[in-house]
Amino acid sequence: MTAVQDAGPGADAGGAEGAPPEGTSVMADLRSHLRKSKAGIAGIIICSLFALVAVVGPWLPFLPDPSKQSLPDKLTPPVGWGGTWSHPLGTDQLGRDILARLIDGARISLLVSVAAVIIAAVLGTALGLIAGYIGGRIDTLIISAADVQMAFPGVLAGLILVAAFGPSVWLVIIVISISSWMVFTRVGRGLVFTLKTTLFVEASELSGASSRRVMWRHLLPNLVSSLITLSVLELAAAILSESAFAFLGFGVQPPRSSWGLMIQQGRNYITDGWWIVTFAGLAISVVVLGVNLLSLWLQSFNDVAEREQIILERPGG
Amino acid sequence: MLRWLAKRIIAAALVVFVVTSLVFVVTHIFTDPATVSLPLEATEEHRAQRRAALGLDRPLSTQYWDFVSGLVVGDLGESFWQSQPASKLVLERLPATLKLVAGATVVTVLLAAPLGMLAAWWERRFADHAVLGFSMAAISAPPFWIGYLLIIVFAVQLGWVPTFGSAGFVSLILPSLAIGLASAGRLSQMTRRGIVEELRKPYAVTALSRGFSRSYTIVHHTFRNVASGFVTMTGWELTRMFTGYTVVIEVVFAWPGVGRLAIHAIENRDLILVQAAVVVLATLVVVTNLLVDIARRMIDPRVDLA
Amino acid sequence: MSSTNSNGEARQERLLEIKDLTVGFPTRDGVVLGVDGLTLNVGSHERLGVVGESGSGKSVMGLAILGMVLPPGRIMGGSVKWRGENVLDETVANRVRGREIAMIFQDPMVSLNPLKTVGAQLRELLRRRAGLEGAKIRQRSLELLEMVGIANPQDRLKSYAFELSGGMRQRVMIATALACEPTLLIADEPTTGLDVTIQDQILTLLHDLSTELGVSVLMITHDLGVVAQFCDRVQVMYAGRIVERAPIAEMFADPQHPYSLGLLQSVPRVDRDESELSGIPGEPLDRAQFPPGCAFEPRCGESHDVCRQSAPPLVKIAERRWVACYNRPGDQS
């Protein structure tokens, strides 16, 4: 008894995995996929809006100076709760305009998070590639370090470093990046390993030097798409961490402002000025939601490609 | 099983050792407890005096040996802020933190398991999207802000629960919710994804083809297979709680736990006490991971013994 | 329960009638039809084979008979009737599934619940689907395991699937399928992945059980050897459609569709030289790129213009013989 030719249509799709995707068609795919995804659109709109505000914030017209105090105006409620359009989101305990402070705070909050993720991504990926490429003892060392890091998450490192060196923005950036590098390391290392095995046959037919080139040519496109997806995911965590550190007073110090710090300062006024805490937290939540939606969309885009292979295999049996 | 357990315990002890050594490097080589405890404008003479008093002028190897041997017997040094053994201060606060984590875990599991099953049951229907919406909101909002919102609504506006402190069971509810919502958001999505994946697997298709209903198959067949993943994820959430959420939430709710103690210690420039709190929390993380591994092994007999 | 009222006399009672069944799977490039306008009948005491390559839609068909489609697939048209009742209706399906029609699957390693013992899996079926209680459950469990030829059934009740050999697992699978005394057994590649000797044992077991218990079997396979050994009648499936239907002897003696011919030629025989083995030229069809005409046309050696324009209908060419090919003009009477 022998099987009828038994290569399902899925086999083809699987074999193409390592091939470098062509730039233009990927972008076209992304765009057509985006059109179908409301979450993706919402994520991109929210993220670009906040990025824009963070960049052009200080030059926005009609906005009062975020650090201008005016004690007679202190704790003015927002519009709709008895406030006026001169302070649409109300004022804080020193009479400063909440909206202006939110926009000002966006700069620090986002700058710190983005910087931390970039550092973590560059260092982490480099370590992962080294670990996967060289292997052996260096691999063991890097992976053990990643395991230890898992057991010693950011906030604990933050506590000890702030206790030792005092609070600063730079410290927060360092702490966030050391609590996220190993995620990139694992992915970078895993990619090298898969490519080593899937491309082994192909590469072994070529000379040593060109096999290494083949490897890089296959590695880079895969790496870039994974890194973008992962960075966006880590950015959401980084913004939340930054806000927690700022809230605990570890990061930027007054009179500079950040969202977490606004909550720390507003928490004594939750009975007669609930809007300070509420709007600052809302800003964090909305931007993190935007980043999360973006990340969900990027992941679903990757998943759909996989799912389609499954569908194509399914009718076979 | 015993050999496996012994191996895991040794590995865990090793991680604790490495982490504490890293802490020592920060607290004794990059700076030292005496310098931290003094104001910046203190004279060099003053500093030297303080160092000598704390035994920090001895060779680093001696100090490290003292630190490690102290760890083994549970001696984490003396707090200058409180003039008491640091380990005693931390351990006094530990029950409060554990209580908070326990409450948050209950909230997490009670929300995540049913929501995840519900979403999987109604896959791609309204309930599925609603659960996804809840999850996205819960993981996007900072837990300390959720804490203040809960205080504003339930304590300030409605007056149902006390705002601060740890007066009995009722005061545990809000902080547990503040911590547990985000964890439940992540965990419910993981549960849903796990069940949906399991439902596509041949054994679940077989069960459905035998005429078992979708709900019966989810509860009696797939959930057990998702359970080891569920336990692992719950374990990860526990470690998040120990190291991040509890610290901020204890500050928000003035909860007398280890995290708030650490923050107060920082404010009082008490490096030894911060170090003790961090060592204890890191140990809890490692112990949690160990317990998760053991639990997985018990749920799923196939988990590798190696 | 009404499953026992068909006796030996009602030899030709029609159990299952599938008409124009169409199952679609949405993809980025449009809907792919897993099953495309399939028509098929199964009578009582019959062993029918459905043979085709991977991707021909035969497994999708198996599940669709029970009113099941793996998401995101959808039944888009046609009907499935079990003794005149619509199985695509969820309440009918709930009654029929497992009780009157039971399915056994390829790869029993993953088709049995990995975390439940054999005993637990039988128990839940017997209690919840067959309505047995108390000591009868254990008694019937042992009886079922003995029936499928498992030695030491008492011990095996406590085993997990991963503790059993491949052949044993498939026997357990058959036992669970027979738990509620079904009238039709759908066997989806039941011997794939097993050793040749074990394959033989399983097929013999299924054959004997179907005769003894009077159970009809719908055998879904890619393996013509299985069909030859097991079935009375065979249908050849290609790209979600039936292309040929014939009694077993006639199919092997005189295949009509070029695809059936190709299938037969790719089966090695002992009495033939190895070098004569000629597969079917061309790749199995990529289902996302459906040609408007006959789906087999790109691989067919004798295609004409008409083959590229429209798909040939399944027509009767002789008593009990049907084929879908423009090269085989039908018996128009």
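## Strand pairing at β5 of chain C

Within strand β5 of chain C, N86(C) is the bridge partner of K81(C). Helices (H or I, at least four residues) and strands (E, at least two) are DSSP runs, numbered from the N terminus. This is a predicted model, in which local features need pLDDT of at least 70 and side-chain atom pairs count only at pLDDT 80 or more, while totals for chains, interfaces and linings use all residues. Residues are numbered from 1 along each chain as its sequence is written, and chains are lettered from A and ligands numbered from 1 in the order in which they are written.

Strand β4 (residues 74-82) of chain C pairs with β5(C) in the antiparallel sense over two bridges; strands count as paired if DSSP finds at least two bridges between them. An open sheet of four strands in chain C has the order β2-β1-β4-β5, with antiparallel pairing. Its edge strands, each pairing on one side only, are β2 (30-43) and β5 (85-86) of chain C.

## Strand β9 of chain C

Strand β9 (residues 233-238) of chain C is largely enclosed by the rest of the structure, because six of its six residues are buried. A residue is buried if 20 or more other C-beta atoms lie within 10 Å of its own, exposed if 12 or fewer, and partly exposed in between, with C-beta atoms placed from the backbone. Both faces of β9(C) are covered: one side carries the buried residues R233(C), Q235(C) and M237(C), and the other carries V234(C), V236(C) and Y238(C), also buried.

Strand β3 (residues 47-51) of chain C runs parallel to β9(C) and is joined to it by four bridges; L48(C) has R233(C) as its bridge partner in β9(C). Strand β10 (residues 241-247) of chain C runs antiparallel to β9(C), with six bridges between the two. In β10(C), E244(C) is the bridge partner of V236(C). The strands β9(C) and β10(C) form a hairpin with two residues between them, and A239(C) in the turn has a positive phi of about 50°.

## Packing of helices α7 and α8 of chain C

Two packed helices are described by the angle between their axes and the distance between the axes. Helix α7 (residues 166-178) and helix α8 (residues 196-213), both of chain C, pack at an angle of about 15°, with axes 10 Å apart. Therefore α7(C) is roughly parallel to α8(C). Axes are lines fitted to C-alpha atoms, for helices over the stretch in contact, and angles run from 0 to 180 degrees between N-to-C directions; those under 35 degrees count as roughly parallel, over 145 as roughly antiparallel, 65 to 115 as roughly perpendicular and the rest as oblique.

On the α7(C) side, the contact is made by G166(C), G167(C), Q170(C) and I174(C), and on the α8(C) side by I198(C), Q201(C), I202(C), L205(C) and L206(C). Residues are in contact if their C-beta atoms, placed from the backbone, lie within 7 Å. By class, this contact has five nonpolar, four polar and no charged residues. Ala, Val, Leu, Ile, Met, Phe, Trp, Tyr, Cys and Pro count as nonpolar, Asp, Glu, Lys and Arg as charged, and the others, Gly among them, as polar.

Chain A has twelve helices and zero strands. Of its 317 residues, 44% count as buried.

The contact takes 30 residues from chain A and 38 residues from chain B. On the side of chain A that touches chain B, the elements giving two or more residues are α5 (136-151), α6 (154-165), α10 (208-247) and α12 (274-313) of chain A. Helix α6(A) gives the most to this side, with nine residues.

Key. Contact = placed C-beta atoms within 7 Å.
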